[in-house]
Amino acid sequence: MLSEFKTRRRSEADVAATPPAAPSVAFAAPKPMTDCWQHIGVWGNGSCGELAAHLHCRNCPTYAAAAMRLLDARSPADYRQEWTAHLAERTAVADAGQPFLVFRIGDEWLGLDIGTMEEVGETRPIHTLPHRREGVLLGVINVRGELLACVSVGRLLGIAKGVGTGTALPEKSAGRMLVVNHAGERVAFPVTEVRGVQHLALPAEPPPPALDDQVMGAAGRSRVEWRGRSVCCLDEDKLFAALNRSLA
Amino acid sequence: MLFLVFQVGADRFALEAARVIEVLALVELHKIAGAPVGTAGEFAYRGEPVPVLDLCLLTLGRPSNLRLSTRIILLRHEPQPGVVKPLGLIAEHATELANKNLGEFAAVGAALAAPDPRGRLQLLQLDRLLTPELRDLLAVYYFTQSLEPEPAA
């Protein structure tokens, strides 16, 4: 339907039409369809007086109201049947458990309570700091104009190698930058892969971790089986305490 | 406070978004035999039957238009204090949201209306819409024990 608007030929009279005085729209009393954006808007000669206020037609209420009229169309065939069938289905009962963001650093699968998660973003350049080459602090990154400390959780937890441990940073891989916030303290760290939010049921009394399990020892809460993998759910208090110790 | 804005005929109405569970497409409804005027029917929502009222039928006496913008607003209805049940309302042009304060709605005649750039915006007062017959019908959905035996605890 949008293409109809775009391809419609316009008469000279249309082109000379004055801009709508006030961007008011009444749905109930159908006005003749305006396509002012085609002749006096940004796709026309740009002479519309409203452009000074809205800069672009897509910000203008007239344009938005015209878009809304697309929804006044009759529903396509099978639309109602499809929705009826879809809504009648019972949703799968969400498996009990706490929601965790599951991600991978190197070969290690980790889970972090989503309460602490602030953002999962693209990886971006890390600006290294002078005389800070070897530690957990990788540098600072720019997250929407804000400088955040970027740390290597992999190094902190003693994960041997892989993307996100600080040795090799993802280039074109599915690497992500996580921003976490714990009691107002915000840090970012790169991870190799994010598998979204998963509901993991933590055992009430976690078994004591194996002695050689370095990740659990550093900041783990308990290990949980998830899709055949052992996910180490991190304790955010322990994690941030360890971070603060190593950054100090 | 966020309000869902829709139309009944030419008039624009607002409903607190916090009361809305979901805005659904206008699904196919099963008619309820002998239901009072204003009832559009029922549909299965996640396996449970939910009664649906047609706001246009209740207010204007004509059914809502069959358009894409006509949708079912599924809201949390409180038939009794402490009892929250789903109720569907068919509304035309249920496509917008508005940010208003509850204090902006002032009594104008029998309605609670707020000024809006696009004309006045009325607050939907569901209690006024529900006739005793409709309440009786809803009570059948909400308070009738199911015939299936309760699963053993």
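In chain B, strands S8(B) and S9(B) form a hairpin with two residues between them, and B:Gly109 in the turn has a positive phi of about 65 degrees. The model is a predicted one, in which local features need pLDDT of at least 70 and side-chain atom pairs count only at pLDDT 80 or more, while totals for chains, interfaces and linings use all residues. Residues are numbered from 1 along each chain as its sequence is written, chains are lettered from A and ligands numbered from 1 in the order in which they are written, and side-chain values use heavy atoms, with hydrogens and water left out. Helices (H or I, at least four residues) and strands (E, at least two) are DSSP runs, numbered from the N terminus.

Strand S8 (residues 106–108) and strand S9 (residues 111–114) of chain B pair in the antiparallel sense over three bridges; two strands pair if DSSP finds at least two bridges between them. B:Ala107 has B:Leu112 in S9(B) as its bridge partner.

Chain B as a whole has three helices and ten strands, which run β-β-β-β-β-α-β-β-β-β-β-α-α from the N terminus on. Of its 153 residues, 46% are buried (buried means under 20% relative accessible area, exposed over 50%, and partly exposed in between, with a 1.4 Å probe and protein chains only). Among the contacts in chain B with a separation of 6 or more, 55% come from residues 24 or more positions apart, where contact means heavy atoms within 4.5 Å.

Helix H3 (residues 132–143) of chain B comprises twelve residues and reaches 15 Å from its first C-alpha to its last, close to the expected 16 Å; the expected span is 1.5 Å times one less than the number of residues. B:Leu134, B:Leu137, B:Leu138 and B:Tyr142 are the buried residues of this helix. These residues lie on the same side of H3(B), because they cover an arc of only 130 degrees around the axis (the arc is that of the directions from the helix axis to the C-beta atoms). B:Pro132, B:Asp136 and B:Val140, on the other side of H3(B), are exposed. The elements against which the buried residues of H3(B) pack include strand S6 (71–80), strand S7 (83–99) and helix H2 (126–129) of chain B. B:His77 lies in strand S6 of chain B and is buried, with a relative accessible area of 5%. Leaving aside neighbours within four places in sequence, the contacts of B:His77 include B:Leu138 and B:Tyr142, along with B:Leu126 and B:Leu130.

In chain A, an open sheet of five strands has the order S8-S1-S2-S10-S9, with mixed pairing. Strand S8 (193–200) and strand S9 (220–226) of chain A stand at the edges with a single partner strand each, so one side of each is left without a neighbour in the sheet. From one strand to the next, the twist averages 30 degrees. S9(A) pairs with strand S10 (residues 229–234) of chain A in the antiparallel sense over six bridges, and A:Arg223 has A:Cys232 in S10(A) as its bridge partner. Helix H9 (residues 236–247) of chain A packs on the sheet, touching strand S2 (108–113), S9 and S10 of chain A, and its direction makes about 105 degrees with that of S2(A). Axes are lines fitted to C-alpha atoms, for helices over the stretch in contact, and angles run from 0 to 180 degrees between N-to-C directions.

Over all chains, the structure holds eight aromatic pairs. Rings of Phe, Tyr and Trp (its six-membered ring) pair if their centres lie within 6.5 Å, with planes under 30 degrees apart counted as stacked, over 60 as edge-to-face and the rest as tilted. A:Trp109 and A:Trp226 form a tilted pair, at 6.0 Å centre to centre and 55 degrees between the planes. This pair links distant parts of the chain, with A:Trp109 in strand S2 and A:Trp226 in strand S9 of chain A, 117 residues apart. Both A:Trp109 and A:Trp226 are buried. B:Phe43 and B:Tyr45 form an edge-to-face pair, at 6.3 Å centre to centre and 70 degrees between the planes.
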